[in-house]
Amino acid sequence: MSAVPRRGRSLAAMLLALVAAWELTGCCCCGGTFPLEEQAAPAPAQEEAPRAVLPRLWPPPEMPEPPRVKPPKRASASQRAPTDGLPTVKENIAAAPSWVPEMSAAAPQLADPVGLFTEASRPVKEKEMPPGVVLCQVVVVNERLDLLAAPDLLVSMRLGSHPQVTVRGREESNVMYLSMPGVQLREGDEARLRIMDRDVFTNESVGTMKARYAGAFPLLAASRPVQMSCGVLLPGQVKAHVPRYLDAAERQLGALERTRPRALEDHWGYPTWEVFQARAALGHVAALVGWADRRMQPLLERFDAFESRWLEEAEASVRKKAEARPKAGEWVPVLQGRQEARVIAARCGGTPVNGRASVTGACRVEVELKQGKGAPLRVDPADPESDTLPAAVLVRSNGLTEAMALGSLWFNERRRTQVTVKPGEKVRVVWEVQRSGASPAPALLWLRAPDGDVLLRLD
């Protein structure tokens, strides 16, 4: 075999290292979960008509969890002072619901920015513009910022005296859009943008730019390798687009309101996907009119009413299940009668867990299992061929469920790493879960197994 020149070997090693680093940090074929703006379906070509329905996003970035407390009562639309035109950015921030991230309170993003950008780019002359939706397109000309892929853009924008907003673009795209409703600009105000390329450990600066509002749109700026163009949708233009998004939000809320708690499901059947879709639909309306707009208030009130109603029904369902189960300490058949189980201790909050003082809300549940007729039960966590214990899930009084970790096995009052339990013998199993912050009291222990589920009371 012929020798490879030293220079060739060095170059080959460098290329292999770069490819390996690229695969570790993410590539076009890698899986993963990305923020909402990065999960949007590919934007249609500019000449296509705007989409008439909301884009379906999957998988979601962070599926919402059930509320831990009932939402505060929201002031009705009739109690709010009327506003002329669209509300301002400050009013939108104050009116944003608690489940909206702080970054998105001022700037919920449009569902179809590509379709609206052409309309927003039409010439507008207003020395002092009324509150409108400013929509910007950012284009990175250099395609090799990520060496082998397009950049993952992160753009921070400040318009005049309005708060700065930061918006994530899609993965590996040289073009992104960002918008803000309720913007008012006066002649002489500046638009400032900072463009970053998101990386695994740090964000790399791509460039900064600014443009001065001279009483007319579009606003244009360029700073190698970035180009920016900002347009505006005035209240009259916004009004024409609102109905289809209101209809979509109504449909999503209707689907949400038809859901009911379902026992023996995670979080008692909380409709995580429907909540995600409803929140996205509400955000798309707010991206046009702002959170403080009177058209938003009935929709937000319906969402709050759903959460309150769902929690009430979940609490009633948990209470009913608990009342139907034997009290703690009484034996209950499990695994189709092959075992019996009973709760012998349940302590939450301030109790030792694994020899350490627990954080607020930590829970430790001890259960005794009695082996019935049949083959002995052999449990060895290190041996995949051994029998497995049921999975333990804590059910709180409001229906929230939390998986508990196996803390220890006790047999004949001695702690064991593995155990074999013969018919008629008992083994004590300790399950633990930690969480910070106040949580509703636990009500049930849910033992899950492939061949049967059982609920045990904890009182």
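C348 and C363 form a disulfide, with their sulfur atoms 2.0 Å apart. This is a predicted model, and the distances and angles below are computed from it. A disulfide is a covalent bond between the sulfur atoms of two cysteines. The torsion about the S-S bond of C348 and C363 is about 120°, so this disulfide is right-handed. C348 lies in strand β12, residues 339-348, and C363 lies in strand β15, residues 363-371, so the bond ties together parts that are 15 residues apart in sequence. C348 is partly exposed, with a relative accessible area of 33%. C363 is buried, with a relative accessible area of 0%.

How many disulfides does a search of the whole structure find? The search finds two. Besides the link of C348 and C363, a disulfide joins C136 to C230, with an S to S distance of 1.9 Å. The pair links distant parts of the chain, since C136 is in strand β2 and C230 is in strand β10, 94 residues apart. The link of C136 and C230 is right-handed, with 105° about the S-S bond. Both of these cysteines, C136 and C230, are buried. If the bonded cysteines of the chain are numbered in sequence order, the pairing reads 1-2, 3-4.

Strands of a sheet pair through backbone hydrogen bonds, either parallel or antiparallel. β2 and β10 belong to an open sheet of four strands, in the order β5-β2-β10-β9, with antiparallel pairing. At the edges stand β5 (175-183) and β9 (219-223), each with a single partner strand, so one side of each is left without a neighbour in the sheet. Neighbouring strands of this sheet are turned by 15° against each other on average, direction ignored. Within the sheet, β2 (residues 132-140) and β10 (residues 226-233) pair in the antiparallel sense over eight bridges. Which residue of β10 is the bridge partner of L135? The partner is G231.

β12 and β15 belong to an open sheet of six strands, in the order β11-β12-β15-β22-β19-β20, again with antiparallel pairing. The edge strands here are β11 (332-334) and β20, each with a single partner strand, so one side of each is left without a neighbour in the sheet. The twist averages 35° from one strand to the next.

Strand β19 can be followed to its partners in this sheet. β19 (residues 405-411) pairs with β22 (residues 426-433) in the antiparallel sense over five bridges. In this pairing, L409 stands opposite V429 of β22, and W410 stands opposite R428 of β22. β19 is also joined by three bridges to β20 (residues 414-416), and these two strands run antiparallel. The bridge partner of W410 in β20 is R415. β19 and β20 form a hairpin with two residues between them, and N412 in the turn has a positive phi of about 55°. In a regular strand the side chains alternate between the two faces of the sheet.

The aromatic rings come next. The count of aromatic pairs comes to eight. One of them is the stacked pair of W273 and F276, with 5.5 Å centre to centre and 25° between the planes. W273 and F276 are three residues apart in helix α7 (residues 272-289), and so are separated by about one helical turn. W273 and F276 are both buried. The rings of F303 and F306 have their centres 6.1 Å apart and their planes at 55°, so this pair is tilted. F303 and F306 are three residues apart in helix α8 (residues 297-324), and so are separated by about one helical turn. F303 is buried, as is F306. F303 and F306 also belong to one aromatic cluster, formed with W99, Y270, W291 and W310.

The charged end of K370 sits over the ring of W331, 4.5 Å from its centre. R448 lies over the face of W446, at 4.4 Å from the ring centre.

Conventions: Residues numbered from 1 in each chain as written. Predicted model: local features only at pLDDT ≥ 70, side-chain atom pairs only at ≥ 80, totals over all residues. Heavy atoms only, no water. Pairing = 2+ DSSP bridges. Axes fitted to C-alpha atoms, helices over the stretch in contact; angles between N-to-C directions. Disulfide = S-S within 2.5 Å. Buried < 20%, exposed > 50% of the residue type's maximum accessible area, 1.4 Å probe, protein only. Phe/Tyr/Trp six-rings, centres within 6.5 Å; stacked < 30°, edge-to-face > 60°. Lys NZ or Arg CZ within 6 Å of the ring centre and 35° of its normal.
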